[in-house]
Amino acid sequence: FGVSSFLMVWGFSVAAARQTRTLRSLVFAHLLDQDVSWFEATGVATLTTAVTSDTAAFRSGIGEKFSYLVQASSMGLMGFAVAFFRSWQLTLAMLAAIPVVVGSMGAVFSMMAKRDAGQ
């Protein structure tokens with residue numbers, strides 16, 4: 001499990017780095033097409049900060065975080081498959097409880113978001 005998890009995260013991280021490099025190249029090519037007046041209206045420091053932070057967020061989102069999403073989804077689906085095989089009655093009871101769990105998690109996340117927005 002550890003080796004496959006490492007390889008998955010590494011693979012997604014490499015793919016994210018390559019996509020980020022391509023994105024930066026496309027942004028740079030687009031910036032070269034801009035008029036000089038656009039650069040005078042837009043601060044250079046603002047532009048470089050925006051490109052750097054946006055590409056870092058892009059890389060983080062499609063790299064490690066996406067690999068964790070794939071890993072968690074596959075583990076959940078396989079868990080349900082094994083549970084249905086072992087005891088389908090208990091699995092159906094567990095599935096009936098999922099809306100309650102998801103609803104309570106949504107309420108907690110909503111309260112956390114409101115708390116963070118207030119600070």
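A salt bridge here means a side-chain nitrogen of Lys or Arg within 4 Å of a carboxyl oxygen of Asp or Glu. Side chains of opposite charge can pair when their charged atoms come close. How many salt bridges does a search of the whole structure find? It finds 1. Asp116 is partly exposed, at 44% relative accessible area. The cut-offs: buried is under 20%, exposed is over 50%, and partly exposed lies in between, with a 1.4 Å probe and protein chains only.

A word on the source. This is a predicted model, where local features need pLDDT of at least 70 and side-chain atom pairs count only at pLDDT 80 or more, while totals for chains, interfaces and linings use all residues. Residues are numbered from 1 along each chain as its sequence is written, and side-chain values use heavy atoms, leaving out hydrogens and water.

Now the whole chain. The protein chain has 5 helices and 0 strands. Helices (H or I, at least four residues) and strands (E, at least two) are DSSP runs, numbered from the N terminus. The radius of gyration is 22 Å, well over the 14 Å that the globule rule gives for 119 residues, so the chain is more spread out than a compact globule. That radius is taken over C-alpha atoms, and the rule is 2.2 Å times the number of residues to the power 0.38. The C-alpha trace spans about 70 × 40 × 20 Å along its principal axes. Buried residues make up 9% of the 119.

Ser67 sits in helix α4, residues 64-86. Its relative accessible area is 0%, so Ser67 is buried. Which residues does Ser67 contact, leaving aside neighbours within four places in sequence? Met8, Val9 and Phe12. Contact means heavy atoms within 4.5 Å.

Last, the surface. Phe84, Trp88, Leu92, Leu95, Ile98 and Val102 form a nonpolar patch, with about 530 Å² of accessible area together. Patch residues have over 30% relative accessible area and no salt bridge; like charges are joined within 9 Å, nonpolar side chains (Val, Leu, Ile, Met, Phe, Trp, Tyr) within 5 Å. Areas come from the Shrake-Rupley method with a 1.4 Å probe; for residues, only the protein chains shown count as cover. Helix α5, residues 88-118, gives the most to the patch: 5 residues. Leu95 is in helix α5. Leu95 is partly exposed, at 31%.
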